[in-house]
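Subject: The structure I promised you

Hi,

Here is the structure we talked about, passed on to you with my notes. Have a look around first, then read on.

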Amino acid sequence: MAEASGLKVLKSRKPNCMQTSSLGAGELIKDAIYRGAKEIILGIGGSATNDAGMGIASALGYRFTGYNDEVLQPIGENLVHVANIESKNVLSELANVRFLVACDVQNLFYGNDGASYVYAPQKGATPHQVKLLDIGLRQFSSVLFKKFGKDVQTIKGAGAAGGVGGGSICFLNAELISGIEMILKFAQFSDKIKGADFIITGEGLIDIQTSSGKTIKGIVSRAKKENIPVIAMCGSSMLTEEQQQTLGVDCVFCIQKGVTDLQFAIQNTSANLEYTAFNFASLIQSINKNTRN
């Protein structure tokens, strides 16, 4: 998602999840199927969308129509206008592919803890647009239930990536899995951290949602079993001291240099992270030197 339909590909344009679409991610899926893929792991972090996966579905042959049978673009703004989902032109090979959707949040499809209220502001939505998007997801969930017989609002993680979690369950017959648990297992993380002095991890934004299953939570849970301190570097932190302690992160370093806007911060992430890492390494070096003396 991040590579094809993510904030990182917006470049200098201001995020606007009323207009963005997950279509690009769907095109990658379609290409993989044409190349013979029988199992696809879809990572849905870092999206710039709030379209409930309509874009992905459109790339695979689904069509969305309004109350006057007009064909709708697969964008967040049109969620509330969808009356029917047509599937007669869906890629036939889709039924033979197993989909695993890697997501690390447990948010519901709509509501105060849903996709729009929690994540749409990060994707450029104003407070008024957040309300419209949430209404759209609520309406769209009823259309999904009518078409697929699945109540996505009852599924934790359905609100991930602007509702792609729930959409993928319906359009792809996908299974939601913990992305961080999958990665840590593949990397044999628990074995490799034994004996470490500390662990450095990171996140774009560390906030109360980080404790809902993001990467840092998965790392902290394993680090604490080995009594290893965890240091996090991030673009921004919204945690209070109490929330940081509850999360289990020992130190949090924000990498930004001065006051800036989000787009400039994203463009300079690499240099800012290197600068922060340099200073952290210098601190450790200084402590070790003083300890030896």
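A quick definition before anything else: when I say two residues touch or are in contact, I mean that they have heavy atoms within 4.5 Å. Please also keep in mind that this is a predicted model.

Let me start with the overall picture. The protein has twelve helices and eight strands. Its radius of gyration is 21 Å, close to the 19 Å from the globule rule for 293 residues, so the protein is as compact as a globular protein of that length. Along the principal axes, the C-alpha atoms fill a box of roughly 80 × 40 × 30 Å. Of the 293 residues, 46% count as buried. If you take the contacts between residues at least 6 apart in sequence, 69% of them join residues at least 24 apart.

Now for two glycines in loops. Gly76 sits in the loop between β2 (63–65) and β3 (84–86). Is Gly76 buried or exposed? Its relative accessibility is 3%, and buried means under 20%, so Gly76 counts as buried. Leaving out residues up to four places away in sequence, Gly76 touches Cys17, Met18, Thr20, Asn50, Asp51 and Leu133. One of these, Leu133, is also among the buried residues of α5. For a sense of distance, Gly76 and Thr246 are 170 residues apart in sequence and 34 Å apart in space, going from C-alpha to C-alpha.

The other glycine is Gly111, in the loop between β4 (98–103) and α4 (115–119). Gly111 counts as buried too, because its relative accessibility is 14%. Setting aside residues up to four places away in sequence, Gly111 touches Tyr117, Asp134 and Arg138. Gly111 and Leu137 are 26 residues apart along the chain, and 9.0 Å separates their C-alpha atoms.

That brings us to helix α5 (residues 127–148). With 22 residues, α5 reaches 31 Å from its first C-alpha to its last, close to the 32 Å expected at 1.5 Å a residue. Its buried residues include Gln129, Val130, Leu133, Asp134, Gly136 and Leu137. What covers the buried residues of α5? The cover includes α3 (54–59), β2, β3, α4 and α6 (160–171). After α5 comes Gly149, which has a positive phi, near 70°.

Last stop: helix α12 (residues 269–292), where you will find Asn272. The 24 residues of α12 should span 34 Å at 1.5 Å a residue, and this agrees with the 34 Å between its end C-alpha atoms. Asn272, Thr276 and Phe280 are buried in α12. Which strands do the buried residues of α12 pack against? They pack against β6 (199–206), β7 (230–237) and β8 (251–254). For Asn272 itself, the relative accessibility is 9%, so this residue counts as buried. Apart from its neighbours within four places in sequence, Asn272 is in contact with Ile255, Gln256 and Lys257.

That is what I have for now. Over to you!

Cheers

Notes: Residues numbered from 1 in each chain as written. Predicted model: local features only at pLDDT ≥ 70, side-chain atom pairs only at ≥ 80, totals over all residues. Heavy atoms only, no water. Helix = DSSP H or I, 4+ residues; strand = E, 2+ residues; numbered from the N terminus. Rg over C-alpha atoms; globule rule 2.2 N^0.38 Å. Buried < 20%, exposed > 50% of the residue type's maximum accessible area, 1.4 Å probe, protein only. Expected span 1.5 Å × (residues − 1).
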